[in-house]
Amino acid sequence: MTRSVWFLLVLLAISASSCKEEVDECEANTHPYQLQFPDYFPILEVPSDNPLTEEGVQLGRRLYYDPLLSTGGPREGRSCSSCHFQSNSFSVPSTASGSSVLPHVNLAWSRNFLWNGKLEGILEDVMLFEVNDFFEVDFNLLKEDAVYPELFRKAFGSCEITDELVAKALAQWFRRLKSSNSKFDSYLKGEEQLTDSELNGMTTFFTEKGDCFHCHGIPLMTNNEFHNIGLDSIYDPTVKDRSYISGSPYDRLKFKTPTLRNVELTSPYMHDGRFVTLEEVVEHYNSQVKRSMTIDPIMTKPGKEYGLQLTEEEKQNLVAFLKTLTDWEFVNDTSLSSPF
Amino acid sequence: MRKLAFVLLLALNTVLLNSCKEEALTYNLTITPHYHVDGDELMLDTIIYQNAAGNPYSVNKLRYYLSNFRFVKADNSVVTADGDAHFIDAREGTILNLPKVPVGSFKELRFNFGIPQSQNVYGNLPNTSYNTGMVWPEQMGGGYHFMKFEGYFNSNQGVNGYAIHVGNNECLADVSISTPFDISEDGSMTIGFNLNEIMTGPNTFDMDSSNYTMGIMPAMLEISANINNAFTLEQTP
């Protein structure tokens, strides 16, 4: 054999092995993650190109709690968790950011996001917005980081760190933020009884008496649609309600129905945080509903034109029922808290 | 021995033939609802229609179930074409698919508007977000809403919303359309749904006197009684 052939063979062997190594280097190493929820929950739709994995969920969790995501951007120094506290069902007890902070709970089943529905679609789309437009993440910082490249490789089999992969990891984490273990859930499963007061409040909630269920129905306690519940009667064009997005005058004064899961922990209430206590919220529905063109017919239905007209006791019972929607396991689960 | 083999072959043959025959007996039928208001095409979200009571109104939401499709033969015998309950959203333009309808000539189409009692139990339909959005609380009789029909109208006090909701087993409507049709292959039919008929014939619904029906049994029964006249068979397979 001539020397040149030998040379070629060696070269071939080297390039073959280096090629193999390159593939190995970026290979994913994932374990499927099984999300548990009661069978009365809606079917969970997960995009086929982003299945839930242990590695993806853990990566999303780390990103959520890491201020590195905001470094150099308009929200420098913050992480998602700076405005979304686990103890408050991943919302915040203040309106410092200009509007009431929506909780991160069961958003896997949501299709409309933010109070006015500015974001639509699946979590991957929403997270892409949060990463690129809200935080303006500098991906070089993640690439230069000591741990992220390895975590992205394991979770996604990628040597690259792109906005899409950051969004995918966060989307997996948001699917993991599932709450279905409240006292009310135990009651639905026949494992726990409610008190007389809670039962009485539940009846008001789920019958024409209170008619709350139309918008806050089981199991998610939100219909994920937009309504005007009569907080204001005069349209203020500086308030970015649903009509700001849709352009339709029929959407004026409308906002997304928030979930009532963990509502005890998500004060202040309403898009602008105008109410501090659940008693104030109930009093709104009871006697302070203001009429306007777009008010939901449920608010002014026959016999309830002047509010629900509940007795003091009935109002207290309704609040007692709302508090059965708190999932203490969810807010205390250490596998949902900061990994740092 | 040879005889046995022959018999077995024969048996096999009949089985095969039968299975063939059975397949030939059913076809796939799609049903497209065509929404209109006394003949005018439905345009969502604008107050351009007028009902029998004279209320100018818009349609912003129409979600409902059709179920228990049956075909009536010339000899008045009734065959079930599809026993399922189908969720329909007018905004999404839902088209129904009945995978196994029987072959034949029929003189009448029947179906239920709503969900038959045996199926009208929460959790009975797949927990899709559509179905969970239609839940009718246990405390008010349970099951699912049969219809959510919502929009705006010009009332004597300016623009107002209306919400005509129907549910409860007593309010299940039985619709029959006496238009002959044939099923001889996979096909599609179009059924007309005149939204004005929800609010009239026989019971005229005046939004000015009531813009809300959920749980108000007399109102829901009146609406349910109107439904039978709301449908026509516009295009046969």
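A: Ser180(A) is buried, with a relative accessible area of 5%; buried means under 20%, exposed over 50%, and partly exposed in between (1.4 Å probe, protein chains only). This is a predicted model: local features need pLDDT of at least 70, side-chain atom pairs count only at pLDDT 80 or more, and totals for chains, interfaces and linings use all residues. Residues are numbered from 1 along each chain as its sequence is written, chains are lettered from A and ligands numbered from 1 in the order in which they are written, and side-chain values use heavy atoms, with hydrogens and water left out.

Ser180(A) sits in the loop between helix H6 (163-176) and helix H7 (183-188) of chain A. Helices here are DSSP runs of H or I, at least four residues, numbered from the N terminus. The side chain of Ser180(A) makes a polar contact with the side chain of Lys178(A), at 3.2 Å. A polar contact is a pair of N or O atoms within 3.5 Å; within protein, one must be able to donate a hydrogen and the other to accept it, and residues adjacent in sequence count only if both atoms are side-chain atoms. Beyond its neighbours within four places in sequence, Ser180(A) is in contact (heavy atoms within 4.5 Å) with residues including Phe37(A), Asp185(A) and Arg261(A).

Now the domains. Chain A is divided into domain 1 (24-180) and domain 2 (183-324), with bounds from an automatic or database domain assignment. Their centres, taken over C-alpha atoms, are 29 Å apart. In chain A, 31 residues of domain 1 touch 26 residues of domain 2. The two domains of chain A bury about 2,200 Å² between them, 58% of it on carbon and sulfur atoms. Buried area is the accessible area (1.4 Å probe) that two parts lose on being put together, summed over both. Tyr40(A), Trp115(A) and Asn116(A) supply 32% of what domain 1 of chain A buries against domain 2, more than any other three residues. Between these domains of chain A there are 13 residue pairs in polar contact (both at pLDDT 80 or more). The rule finds zero salt bridges there; a salt bridge is a side-chain nitrogen of Lys or Arg within 4 Å of a carboxyl oxygen of Asp or Glu.

Next, the contact with chain B. Chain A gives 26 residues to it and chain B gives 28. The count between the two chains is two salt bridges. Glu225(A) forms a salt bridge with Lys61(B), with the closest N and O atoms 2.8 Å apart.

Definitions and conventions: Helix = DSSP H or I, 4+ residues; strand = E, 2+ residues; numbered from the N terminus.
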